[in-house]
Amino acid sequence: MAQEGKTYVCKVCGQEVKVTKEGVGTLVCCNQPMELKEEKK
């Protein structure tokens, strides 16, 4: 499940998605699951 307020990135095309509302399922782009973008400190 995607976490509200977090940003996810596609490792294939680089598209980023910021989650505004949590839901069930997995974010998918380019037929691959998107990964949580690491926050810079």
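Colleague: How many disulfides does a search of the whole structure find?

Modeller: The model is predicted, and a disulfide is taken as a pair of cysteine sulfur atoms within 2.5 Å. The cysteine sulfur closest to that of cysteine 10 belongs to cysteine 13, and at 3.7 Å it is too far for a bond. For cysteine 29 the closest cysteine sulfur is in cysteine 10, again too far for a bond at 3.7 Å. The number of disulfides found in the whole structure is zero.

Colleague: Is cysteine 10 buried or exposed?

Modeller: A residue counts as buried under 20% relative accessible area. Cysteine 10 has contacts with Gln15, Cys29, Cys30 and Met34, leaving aside neighbours within four places in sequence. Its relative accessible area is 4%, so cysteine 10 is buried.

Colleague: Which residues make up the largest nonpolar core?

Modeller: In soluble globular proteins, nonpolar side chains tend to be buried together. Cysteine 29 is buried, with a relative accessible area of 12%, and it belongs to this core, as does Cys10. The six residues of the core are Ala2, Tyr8, Cys10, Val19, Cys29 and Met34.

Colleague: What percentage of the 41 residues of the protein count as buried?

Modeller: The cut-off for a buried residue is under 20% relative accessible area. The protein exposes about 3,600 Å², and carbon and sulfur atoms supply 47% of that area. Of the 41 residues, the share that counts as buried is 17%.

Colleague: In what order do the elements of the protein run from the N terminus on?

Modeller: The protein has zero helices and five strands. Among these strands are E2, at 16-18, and E3 and E4, at 28-29 and 32-33. From the N terminus on, the order is β-β-β-β-β.

Colleague: Where does cysteine 30 lie, given its positive phi?

Modeller: The phi of cysteine 30 is near 55 degrees, a positive value in a residue other than glycine. With 39% relative accessibility, cysteine 30 counts as partly exposed. Its place is the loop between strands E3 and E4.

Colleague: Is asparagine 31 buried or exposed?

Modeller: Asparagine 31 lies in the loop between E3 and E4. Although it is not a glycine, asparagine 31 has a positive phi of about 60 degrees. The cut-off for an exposed residue is over 50% relative accessible area. At 74%, asparagine 31 is exposed.

Colleague: Which residues does glycine 23 touch, not counting those up to four places away in sequence?

Modeller: Glycine 23 is found in the loop between E2 and E3, and it is partly exposed, with a relative accessible area of 33%. Its C-alpha atom is separated by 6.3 Å from that of methionine 1, although the two residues are 22 apart along the chain. The residues that glycine 23 touches are Met1 and Ala2.

Colleague: What share of the contacts with a separation of 6 or more comes from residues 24 or more positions apart?

Modeller: Contact here means heavy atoms within 4.5 Å. The C-alpha atoms of the protein fill a box of roughly 30 × 20 × 10 Å along the principal axes. Among contacts with a separation of 6 or more, residues 24 or more positions apart account for 26%.

Colleague: How far apart are the mean positions of the positive and negative charges?

Modeller: Lys and Arg count as positive, and Asp and Glu as negative. The protein has 7 positive and 6 negative charges, and the distance between their mean positions is 4 Å.

Definitions and conventions: Residues numbered from 1 in each chain as written. Predicted model: local features only at pLDDT ≥ 70, side-chain atom pairs only at ≥ 80, totals over all residues. Heavy atoms only, no water. Helix = DSSP H or I, 4+ residues; strand = E, 2+ residues; numbered from the N terminus. Buried < 20%, exposed > 50% of the residue type's maximum accessible area, 1.4 Å probe, protein only. Core = buried A, V, L, I, M, F, W, Y, C linked by side-chain atoms within 4.5 Å. Areas by Shrake-Rupley, 256 points an atom, 1.4 Å probe, with all protein chains shown as cover. Charge placed at Lys NZ, Arg CZ, Asp CG, Glu CD.
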